[in-house]
Amino acid sequence: MSTTPERPDEISAGLIEVGYLPDAATSLVAFLANKLGKPILVEGPAGVGKTQLAKSLAETLGRELVRLQCYEGLDEAKALYEWNYRKQLLRIQAEAQDTGWQQVQDDIFGEDFLLERPLMTAISSADPVVLLIDEIDKTDQEFEAMLLELLSDFQISIPELGRIEASTTPLVLLTSNNSRELTEALKRRCLYLWIDYPSLEHELEIVRLHAPELDEKIARRLVEVVAMVRDLDLKKPPSIAESIDWARALLLLGATDIDTKTFNETMSIIVKHRTDIDIVAERVGVKLDSNGDGSGAAAS
Amino acid sequence: MPPPPDKRPSREASRRAALFSEPLANPLDAGLTAHLVEFGEELRGEGVALGTSELLDAFSALPEVAWNEPTLFRETLAATLAKSPEDRAIFDLVFERFFFRATELAALNTGIGEAGSGSGDGEGSSEIDIEALREQIARAIAEQNEGALRDLARLAIAAFAQPGEGSGVLGVDVQRIRRSLELRTEPQGDVPEDDPRAEGLPREGIRRFERLLRQELERQQIERTSMLPAARPLHELDRALPSGPLQDLASVHRVVTQLKRRLKTQGQEHRGHRRHAQVDIRRTMRASLQTGGVPITLRYRPVRPRRPELFVICDVSTSVTSASVFFLSVMHALHDSFRKMRSFVFIERVSEVTEVFERERDFKAVSEVIGRDAGVADISGYTDYGRVWGELLEQIQDELHPRATVIVLGDARTNGRAPGAELFAQIASRSGRTYWLNPEPRLYWNYGDSVIDSYAQYCEAYECWTTAQLENFVKVLTAPEATRP
C-alpha cells in the first residue's frame, strides 16, 4: 500500500505512529519531497536520527527501503550495476564453436547477465521505494557526479543496454555528516534539511515514546544529563539512540534516580571513548554529586 | 532537463527577471513572484550561491503548502534555497530583514498606517493591566508562541513607550521595556507556582522577544518618519572568524570541531582513482579469480594522505589577541590530527608549548597555562620578529628537513623593529614548505608597520580571517604530494 499525504501534518502523524517524532521542519521537507519528487539532503551531527528518518518514512509510506551505504572507493559497479562475469564466461564456454561472435555478444550483454545494485534496484522497482543513500560525504566527487543523472531525471544509462528510466518516482534521501563540502550541483538538485540535536523537551518526548515505563522525573533528569554531556568537547557525543538505550538500561536496573553511582555504572552506554569517559566522569560526575547532595538535603 | 552547472547564465537570467519586474513601480503589483526573485537577489548579494533552479523549486513548492502561515512559508523557502548551516544562518537574517522591509515599503506606498487604529491602542494603553501583561509575556516566552509574542511586543510598547518619548536609540528603548517587564532568566519567588517565571525564563526566548520588540519599534519609527532607513548589508564580520573577546568560546569550539572532523577525512577523497596510482598486484590477482584469471579490473594501491611533520609558530601578542584565541584553538585541533607536530608561541621571545598541548585535552586549560608559564613577553610586550627568528632558528635548525612544514600565524607587524627576514629565509630554506597565515585582510598588508612582503618572498602567505579561508588552507596543507605543482 502506498499513499500520498496531502498535508505536512499527515506525514508527521504517520511518522509518530511508527515511533519517529519529527519536528516541524522535518515533516514539512518530507512532505515537499514526496509531493515534488525531489531528493532530500539531510545533514546534521552523527546520531540525530538521519538514517532512522528514512526508515520511518519508508514504513509510514508503506514503501520498501533500498539502502546504499557509501564508503570511500565506492564505485559504479557496487552502486549501480555490474555485469555478471562468471555467468558470461560460462555462457561463452557453453557455446558451440560455430556460433557467431555477434550473436554471443547480443546474448551476454542482456538483462540476464546484469547484477542489480541498490541504485538500479530503486530505479527498476515496480512499486515506488524509499532510496536511502547513506553518508554521501564519505564517497569521492566522481561518485557524486554519477548520482546527478539519477537524482534529477531518475534514469540510468547503461552503454550496452541503453537508458533505463524509472517507472515510479522513488523518494530519495541522502544523508551527510558534513565532513566534506558536497558539490553545488548535487545540492542544487535537493531539498535541504538540517537536523540538529533535539531540544530538551523534544528529546524528553522521544525518550518517553520509546521507554514509556520510565518515570517522568528520571527521564527528564536523563535528557538533562545527556544535554550536559553533549556540551562537553567529546570525540563522540551521545546520540539520540544512545539516550534511548540508556533509558531502557535504567529501566532494567530499576534505578530510581540518576546519582553519581548509577551514572558511573551505566555511563558506558552513552560515552564510548576512553578519553571521553575520563572527561565525562570528571565533569558530569562531580555535578551530579553536588546536585544529589542538594536534593538530598532538600528531601531530609 | 538539468540546469546548467555554471552559475553565470542563471544569475544573468534572474537579473533579467528582476529587471523586467522593475518597471512596475510598486513591487506589490508584480506579486509574490517578483518579491521572491528580489529576495533571491538579496541572498546572492550576501554570498549565498543560489541557482535559478532553486528559485524555481521554491515556486513549485509554495503552492503545495499552506504558505500563508509564516513558519511554513519560511521553512519551505529555507528548504529550497539555503543548503548548508552557514547559508541557513544568512537566510534567516536576510529573510527577517527583507520581508520586514517589503511589508513596510508596501504600507508606506499605500498609505496604510497604524495611526488610525493606533490612537485606539493609545487609549487602550491606559487600561492595560501591567501585571497581566507581564504574566502573558512570560507564558508566551516559555511556550515559544511566536504569534502571541509578536502581538504582546506591540502591547508592551504601547504600555511602556509613549510615542515620541523614545530615546531615539532602539537598543536603549528595548532594554528599558525589558526591564519594566521584569523578564529574567533566574527563578522568581513571588509568583504563583504554575507561572513559568517561577523557574526562570529561557535566555533564548527573552532574546527572541527582544528582537520582536526591536522590530516593532523600528516599524513605528519608519511610520513616524515615513521613510525606510538605508538597507544595511550584513556585517562582513558576522561571517568572520569567531575571534573577538565578545564572542563566546562556544562558537570558536563549534568551528574547530567542524574543522577536526574535516581534518580527519581530509585527503582521503584523493585515495583510489589517481592517475599515477600504483597497481596493487596482489589484489588485482585476487580480483581476477572472479573472471577466471583474466585481470579485467585493476586494483590500485591507496594513496595515503600526506601527514607532514609540522612546526607551528603562533603570535600571541596584543595586536592579534582576538585572532590568537582562534589560532590557539586551531593548533589544539591540529594536535589531534598530526602526530608529528611541534608548537611554539611568541611575542618578544619564542617558547615551545608542544607539551602543554599534548598534556591538556581542554582548550581553556591550555590557554591558561600558556598565559602563565610560556614567558614569551619580556619587557615591552611588543612583538619582536627579528629576535624570535634568531631564537627559533637556534632551537629547531637541526630538526628542520625537506619534509617538514613550517606554519607561521601572525600579522607581521614588527612595531618598527628589525624584521630579520634573512633569518626567516634560513628557516624557510631548511624546511620543505613554509606558510604564513595572516589574520588581517589583504587590504591592510604592508600598511603601517606590517612587513609581510619581506617574509612573503620566502613562503606562501595566506590571508586567514574567515573559517572558509582557514579550511582552504587546511586543504592545501593536506593535499597529497602529486597534486601540488
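This is a predicted model: local features need pLDDT of at least 70, side-chain atom pairs count only at pLDDT 80 or more; totals for chains, interfaces and linings use all residues.
In chain A, strand β1 (residues 40–43) runs parallel to β9(A), the two being joined over four bridges. Strands here are DSSP runs of E with at least two residues, helices are runs of H or I with at least four, and both are numbered from the N terminus. Two strands count as paired if DSSP finds at least two bridges between them. Across that pair, L41(A) sits opposite Y192(A) of β9(A).

Residues are numbered from 1 along each chain as its sequence is written, and chains are lettered from A, with ligands numbered from 1, in the order in which they are written.

**The sheet of chain A**

Zoom out and β1(A) turns out to belong to an open, parallel sheet of five strands, ordered β2-β5-β8-β1-β9. β2 (64–69) and β9 (191–194) of chain A are the edges, each pairing on one side only. From one strand to the next, the twist averages 20°. Helix α3 (residues 50–61) of chain A packs on this sheet, touching β1, β2, β5 (129–134) and β8 (171–176) of chain A, and its direction makes about 175° with that of β5(A). Such angles run from 0 to 180 degrees between N-to-C directions, with axes fitted to C-alpha atoms, for helices over the stretch in contact. Contact means that the C-beta atoms of two residues, placed from the backbone, lie within 7 Å.

L65(A) is a handy place to look, as part of strand β2 of chain A. Beyond four places in sequence, L65(A) touches A54(A), K55(A), A58(A), V129(A), V130(A) and L132(A). Its C-alpha atom is 6.7 Å from that of K55(A), ten residues away along the chain. L65(A) is partly exposed because 18 other C-beta atoms lie within 10 Å; the cut-offs are 20 or more for buried and 12 or fewer for exposed, with partly exposed in between.

**Cores**

V130(A), L193(A) and L222(A) touch the most other members of the largest nonpolar core, which has 87 residues. A core like this is a set of buried Ala, Val, Leu, Ile, Met, Phe, Trp, Tyr and Cys residues joined through C-beta atoms within 7 Å. Leaving out neighbours within four places, the contacts of V130(A) include A54(A), L57(A), L65(A) and L173(A). A second, separate core has 49 residues, among them L310(B), F311(B), I396(B) and V451(B).

**Over in chain B**

| Strand pair | Bridges |
|---|---|
| β4(B) (residues 404–409) and β5(B) (residues 433–438) | five bridges |
| β5(B) and β6(B) (residues 460–463) | four bridges |

V408(B) stands opposite W436(B) of β5(B), and L437(B) faces Y462(B) of β6(B).

**Where the chains meet**

Contacts between the chains involve 36 residues of chain B and 32 residues of chain A. On the side of chain B that touches chain A, α3 (52–61), α4 (70–81), α5 (85–110) and α11 (249–265) of chain B each give two or more residues. α4(B) supplies the largest share, six residues.
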